[in-house]
Structure formats: C-alpha cells, structure tokens
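Subject: Structure handover

Hello,

Here is the structure I said I would pass on. My notes on it follow below.

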Amino acid sequence: MALFLVLPLAMMVYVSFWTQTTFAISSDLTLKSWKTFFASDTYFGALTRTLKIWLIVLAVTFALGYPAALFIGRYVKDKTTQTILLVACVIPFWTSFLIRVLAWRPMLGKEGAINIVLQKFGLIEQPIEVLLFTELSVIVGMVQIYVVFMVGPIAFMLARIDDSLIEAARDLGASSYTIFRRIIFPLSLPGVVVGAIFVSVMVLGEFATAAALSGRKVNLLGNIIVTQVGSLKWAFAAVVGVILTLVMALVITALLRLVNLRKEL
Amino acid sequence: MNNNSTIYATLAVYLSLFLIFLYGPFVVMGILSFQQGPEGGPQFPIIEWSTFWYKHILGYAPPTRIAPLPIGDALLRSITLSIATMIVSTVLGTLTAQAFRRNFKGAGIIFYLVVLGMMVPGVLLGLGTSLLANQFGIDRNWWSTAFVLHVVYTFPFAFLVMLAIFNRFDPKIEEAAWALGVDPLTTFRKITFPVIFPGVLSAMLFAFTLSYDEFPRTLFTGGADVTMPLAIYGTFAVEIHPNLFAFGVLTTLFSFSLLTVYGLLMAASLRRSRSSISGIQEDIE
C-alpha cells in the first residue's frame, strides 16, 4: 500500500523540481517549473478558477442536497421507503460517469432540451446560448454528478437522530425552526462534513467534466495536468500535481477541524 | 401540526424535482439514442425514430462515414480488469478487515493509509505512478500499472464494507465451533463465511463497478490499449454521435441486470440464514 500510494506522490514532488527543456527532462534540481506556474496568468488563473468552481459546486450541492436529505432522513418514517428513495438517488451512478457527463450536451445546447421547453412555454424568445460550453455548464454537470455524495451522508446522520429528542423540544414549546436550528442541524453536521469532503476531493481532481462540457474553454488544474502529460512536460505536470495536493490537504484539514469525525461516527 | 404537513408537502415536491434533475439527462439520452441514422445528430428534434444506432454499435448497420465505437476489445479489457480487481480487492479487503478485529500496534496509521487510497484523486495518483514507471523503465499497461492502481482504489471500499461486517460479528460463535473441536477451515466455511457473505457480495459489487468505470487512473497508467472509459473519452475530442447515447442506454441496462443479480443473491442469502435459524429452533424444540 505504501509502495503504490505514498511513493507515487513522493515521486511527484521530486519530479516537480526537475529541469524541463522542450524535448527532454533531466533530474537536475531547479525551481524553474515552479516559477513558470506562478508567473503565468494561464496557469495561475487555472488555480483560482478551480477554487472558484469548487466553492460554487460545494455550496450548490449542499443547498440542493440538504432539503432532499432532510426529507428522506426525517420525514419518511418507513425504513423501506427510505431505502428505496436513497437507491433512486444512487441509480444514476450506475451509468458510466463519462456518458452521464455527455448526456448534458443535448440538455443544455442551443437546440437542447431546456431551450426547447422554455421556448414552447413562451418564456424566452431566443434560445439561451450561455448554457453550454461555459463555466455554468461545467458547474451544472458537476452538481448533478456529485450531489448524491452530499445527500447520502446527511440523510444517514439525520435518520439516526432520536425522535424523543425532538418530541422533548416540542413539549418544551420550541418552534419547528428552532428545533431545526438548535437540534437537527447541529446533529447532522458530521454528515455535512463527510459529504463536503467527498465532493471536494472529487471536484478538485476533476477534469473530464470540464473537458466535455466546456468545449475546452474552462481549464482546471486537472485539465492542465492531462495536457502537460500529453505533451510530455512531466516536470510541469508534477508542479501542478503538487499544488493540487496541497490545496486538497488544506481543504480536508479545514473540514475536519469543524467536527471530530472519529468521535461522531 | 398543520405547519408540519406543509413542510412535508413542500419537501416531497422538492424531492421529486430533485429526482427529475438527477434523471433528466438520462431521459434525454434515452430519447436521442433512437435518433434516425446516420445523418441524425445528437440533438433535437428527432428526425425519425429508428434503432439505427443500436445496430451501429452491434455492427449490423451498413458501413457509414461514422467509425463504429471501438468497443469490442475495450469492453473485454474493461471486464477482465474489473473482475481481476474485484477478486484481489475483495480478498485483500476481507483479510485486512480480519486483521483489524484485534487491536494491533500501528492499526491507526494503517487504517488511514488504506483509506487514503480512495481519497487521493485519480489524477494525482495516476500522474505519480506514471512518473515512477518512467523512472524505473516499467512499461505502462492496463494489466500491470493500471491494475495495481485499480486495486489501490477499490481495496479501501472492500475493506470498509468488511470492517463494518466484522464489527457486528460475534466472535463467540467461532469460539464455540473451535471448542467443539471443529477444525479452523471447516469453521471458516461453515460459520464465518455464511455470516460475512452479504458483506463479501457488497465488497465485490463495489470493487467491480468502481474498477469498471474508473477513468483518471487508467488514463495515465493504462498504456496504449484502451479500456472502455478511455474509448469513450477518446470520442470527446471529435464530434459525438447518438451511438454513444445508445451505448449509454445499453450499459445502464447492463448495470441494472448486475444490480438485480446482486439483489437476488442478497435476498437468497437472507432467506437461507433465516430458514437455517428456524431449522435450528425446530431442532431445539
């Protein structure tokens, strides 16, 4: 495990200091690749864009996923129905990830399903063109793919809350909103954190959705790694990889600060 | 209480909208897979309903300018790879979880190390491994380097599933068998295995599907022979045709049949354990 997991990552850090020329790479240590990354707008821009898209996707998956999880976990009392609803959320997961991403193209395109429906109802005159091949389409695609990872853990934590706790609060005269704010939400927080970790790890390392739905206009850190490896620029790809690792480590540590997972689970 | 039922209704409506959002693209994909071929593109409107693209995938369509999906070999490779990964990951996962039943020195570190395998993004691990392979002059192939990474990726899932099973497993029933003089192998076969079987099945299911659909790791370490996801990724660069959607529908059906088999096996094992319990009860009475 250590051999196949830690060694590749260590190698990546090492290679990021190698000397890269146009056609060859040598193991003389240098900081050149690192300087290129921070000096170039394209590459540094990719870092900020990755962070921006990550934050948006995280916020949207939480906003969309929490009510769904709340319904499944708290309002559906029957265990079987609960399971069926959760499975219904997971089923899309069973189609190839890449095909699911591609399925958004006919949805969002200029002559896509959404535009056709909106025009039929007379809501818009002209088809909306910004839907596909923009950052928006990348975000929509990612949200649909990853929102399930938010719903699952939250619903799990919500279903574990003891009903008598809520009854007690109600008997003491707490309103529904107060009960949610003071009891239900704090108790579901570990689920939120687990969901957020899943979503963050996957979105930060993502490149296929961006490649498929942005027409190669939106470049994330992952996309840069893929193109750099494609042109055999190993050292540079390694620099991007190390930066991505650092970002991810920071994010996960910050999330774990919020709750003590080992204690809660 | 009235307030409560309003919330209930609102959330129920919300959940249905949410499910529509999850399934919308599939419906569109399903409809478009029946687009007329070979001129019809992957967009609305449907020129004429036909099964042309399904025939195109299966190789029955008359030759056109659109190259057929390179699925034959790729599919075979994908399935071989995921079956191999499934076996290795499930066995390793079961053994490791078995080891974790006792608290040993360094258990905490090893636990995090194993779980790290499913947390580290495929892009990073793929990149690192290909750098390593370059350095030591190892050829990158789908059955060597990519296979190793698939195991690193799926093994933690199998491990966690088995750990959850073993946590609920009562060691007394094994001890009882040993006390009665049953040899360890028979104990495992007759006592341990039937109890952990549902877990093993779930671990296999996880490992198979994750490996079958795994993409970023394979992209970097898979070498020249592509697996199924790589073949699909290859079509991103060029124009896409409805044959991809038809293929998507077919793979979805395939996954469903796999899930059904899993469900049936699970139900059968539950029924068996129930009937054997009632059998024991009858014996006692």
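Which residues in helix 8 of chain A meet which residues in helix 10 of chain A? From helix 8 of chain A come A:Met142, A:Tyr146, A:Phe149, A:Met150, A:Pro153, A:Ile154, A:Phe156, A:Met157 and A:Leu158. Among those they meet in helix 10 of chain A are A:Ile184, A:Leu187, A:Gly191, A:Phe198 and A:Val203. Contact here is C-beta atoms, placed from the backbone, within 7 Å; helices are DSSP runs of H or I of at least four residues, and strands are runs of E of at least two, numbered from the N terminus.

This is a predicted model, in which local features need pLDDT of at least 70 and side-chain atom pairs count only at pLDDT 80 or more, while totals for chains, interfaces and linings use all residues. Residues are numbered from 1 along each chain as its sequence is written, and chains are lettered from A and ligands numbered from 1 in the order in which they are written.

Back to the two helices. The axes of helix 8 and helix 10 (residues 176-204) of chain A come within 8 Å and cross at roughly 150 degrees; axes are lines fitted to C-alpha atoms over the stretch in contact, with angles from 0 to 180 degrees between N-to-C directions. Helix 8 and helix 10 of chain A are therefore roughly antiparallel (an angle over 145 degrees). The residues of their contact are 18 nonpolar, three polar and no charged. Nonpolar means Ala, Val, Leu, Ile, Met, Phe, Trp, Tyr, Cys and Pro, charged means Asp, Glu, Lys and Arg, and the others, Gly among them, are polar.

The largest nonpolar core has 137 residues, of which A:Tyr146, A:Ala238, A:Val240 and B:Leu127 touch the most other members. Its largest share, 15 residues, comes from helix 8 (residues 135-160) of chain A. Such a core is a set of buried Ala, Val, Leu, Ile, Met, Phe, Trp, Tyr and Cys residues joined through C-beta atoms within 7 Å; buried means 20 or more other C-beta atoms within 10 Å, exposed 12 or fewer, and partly exposed in between. Beyond four places in sequence, B:Leu127 has contacts including A:Met12, A:Ile225 and B:Phe220.

Between the chains, 55 residues of chain B are in contact with 55 residues of chain A. Helix 1 of chain B gives the largest share of chain B's side, 19 residues. That side has 41 nonpolar, 13 polar and one charged residues.

Chain B has 11 helices and zero strands.

Regards

How values were computed
Two residues are in contact if their C-beta atoms, placed from the backbone, lie within 7 Å. Angles under 35 degrees count as roughly parallel, over 145 as roughly antiparallel, 65 to 115 as roughly perpendicular and the rest as oblique.
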